Amino acid sequence: MASSPRSVLGVRALNRATLARQSLLSRSAMSAHGAVAHLLGLQAQNVKPPYYQLYARLAGFRPGELGRLMEEREVVRMVTMRSTIHTHTVSDALTVRPLVQAARDREVGYFRKGLAGVDLGVLAERARAFVEEEPRTMGEIREELLREWPGADPQSLAVAARCLLPLVQVTPRGVWGRSGQVRLTTLETWVGQSPGEEPEGIDAVVLRYLGAFGPASVKDMQTWAGITRLREAFERLRPRLVAFRDENGVELFDLPDAPRPDPGTPAPPRFLPEFDNLLLSHADRTRVVPPEFKGLNAHGNQSRCVLMVDGFLGGVWAGEAGGVTVELFREVTGAVKEEIAAEGEAMLAAMGEGPGKVRFGSIRG
């Protein structure tokens with residue numbers, strides 16, 4: 001039976017617990033497929049970030065491993081949590097998309113002015129038939145739907161199709177070292193299975209979220225998923241969980257046997273891409289983002305690649321000819337700079353971007 005909230009977990013304790021589950025204290029020997037599943041998907045708004053996310057977490061990872069999984073249709077790129085593109089295993093694509101579908105349906109409502117007179121059921125059927133005939137670009141989808149509803153807003157029609165249907169980006173889009181337009185078809189057509197055929201209930205997803213991002217509050221998971229009303233699931237699972245409090249008194253849930261390392265456990269520097277879920281999956285991000293550095297990893301509406309130093313956001317980085325430039329947010333020792341440089345140079349070599357050097361300077365606009 002779960003404990004009642006019995007102890008307070010400080011920021012460093014939460015940091016080390018989360019890093020341990022994210023394989024960011026030490027690299028894991030699991031496969032790329034196993035890691036994508038364990039992490040419940042990789043933020044993939046751009047092509048390269050999933051590859052860098054896995055390099056930071058897996059021993060011996062090379063881009064071809066994930067690229068091969070995409071080409072063999074064992075992982076897919078599609079809109080799921082927070083209405084953003086994620087790389088998921090096929091099993092998780094079939095599970096997670098139905099769990100967030102209600103949120104995607106509500107999203108269509110934001111565009112209702114541009115959809116006046118449009119029957120959304122007919123729109124979904126028309127768009128499905130069109131993309132299942134062959135993968136289509138968003139521009140082609142807009143043009144097809146405008147034939148049926150010439151007075152509607154083109155962008156609203158496209159957003160409605162993306163929200164109402166489980167559309168995947170087909171390869172070669174998303175494969176490391178290859179290029180291609182974003183072309184879409186339905187998940188069912190691409191992998192031969194339909195969402196909901198093998199549903200995994202919300203309770204199972206809560207347990208998996210805690211295994212990858214815990215200890216966490218109800219609001220933390222709601223932030224990660226981009227959905228609400230998860231309190232009931234957590235309460236149903238309470239007998240199987242342990243409970244803590246953070247320093248602000250917020251109740252946190254966790255798996256009884258999940259790792260919670262000593263707060264003094266060393267955390268090596270790690271180069272993470274823009275939009276890494278480590279920084280996006282909690283309502284309270286102070287476990288990885290010091291309050292004084294909040295917002296420093298963004299420039300306007302563009303997110304920067306981030307450098308983790310001692311487990312926390314400590315700088316940003318950007319690729320350049322011959323290597324990467326690192327901008328640190330605070331002074332570090334010469335030994336730490338050497339660690340950062342070694343990690344960055346190893347990353348460049350492993351990802352086929354090197355040999356290259358790490359330069360310390362300024363990159364923020």
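The protein exposes about 15,700 Å², and carbon and sulfur atoms supply 51% of that area. Accessible areas here come from the Shrake-Rupley method with a 1.4 Å probe, and for residues only the protein chains shown count as cover.

Before we go on, a word on the ground rules. This is a predicted model, in which local features need pLDDT of at least 70 and side-chain atom pairs count only at pLDDT 80 or more, while totals for chains, interfaces and linings use all residues. Residues are numbered from 1 along each chain as its sequence is written, and side-chain values use heavy atoms, with hydrogens and water left out.

**Overall build**

With 365 residues, a compact globule would have a radius of gyration near 21 Å, and the protein agrees with its 21 Å. That radius is taken over C-alpha atoms, and the globule rule is 2.2 Å times the number of residues to the power 0.38. Along the principal axes, the C-alpha trace spans about 65 × 55 × 35 Å. Of the 365 residues, 52% count as buried (under 20% relative accessible area; exposed is over 50% and partly exposed lies in between, with a 1.4 Å probe and protein chains only).

Among contacts with a separation of 6 or more, 66% come from residues 24 or more positions apart; contact means heavy atoms within 4.5 Å. The mean positions of the 45 positive and 44 negative charges are 3 Å apart. Lys and Arg count as positive and Asp and Glu as negative, without His and the chain ends; each charge is placed at NZ of Lys, CZ of Arg, CG of Asp or CD of Glu.

**Strands and sheet**

The secondary structure comes to 13 helices and 15 strands. Helices (H or I, at least four residues) and strands (E, at least two) are DSSP runs, numbered from the N terminus. An open sheet is formed by 5 strands in the order β2-β4-β3-β5-β6, with antiparallel pairing; two strands pair if DSSP finds at least two bridges between them. The edge strands of this sheet are β2 (42-43) and β6 (184-186), each pairing on one side only.

R245 stands opposite E251 in β8. The hairpin of these two strands has 4 residues between them, and G249 takes a positive phi near 90° there. Strand β8 (residues 251-254) is covered on both faces: E251 and F253 are buried on one side, L252 and D254 on the other.

**Backbone details in the loops**

| Site | Feature | Value |
|---|---|---|
| T171 and P172 | cis peptide bond | omega about 15° |
| G214 to P215 | cis peptide bond | omega near -10° |
| R82 | positive phi, not a glycine | phi about 55° |
| D310 | positive phi, not a glycine | phi about 55° |

P172 sits in the loop between β5 (167-169) and β6, and P215 in the loop between α10 (202-213) and α11 (218-225). R82 belongs to the loop between β3 (75-79) and β4. D310 lies in the loop between β12 (305-309) and β13 (312-320). Because its relative accessibility is 34%, D310 counts as partly exposed.
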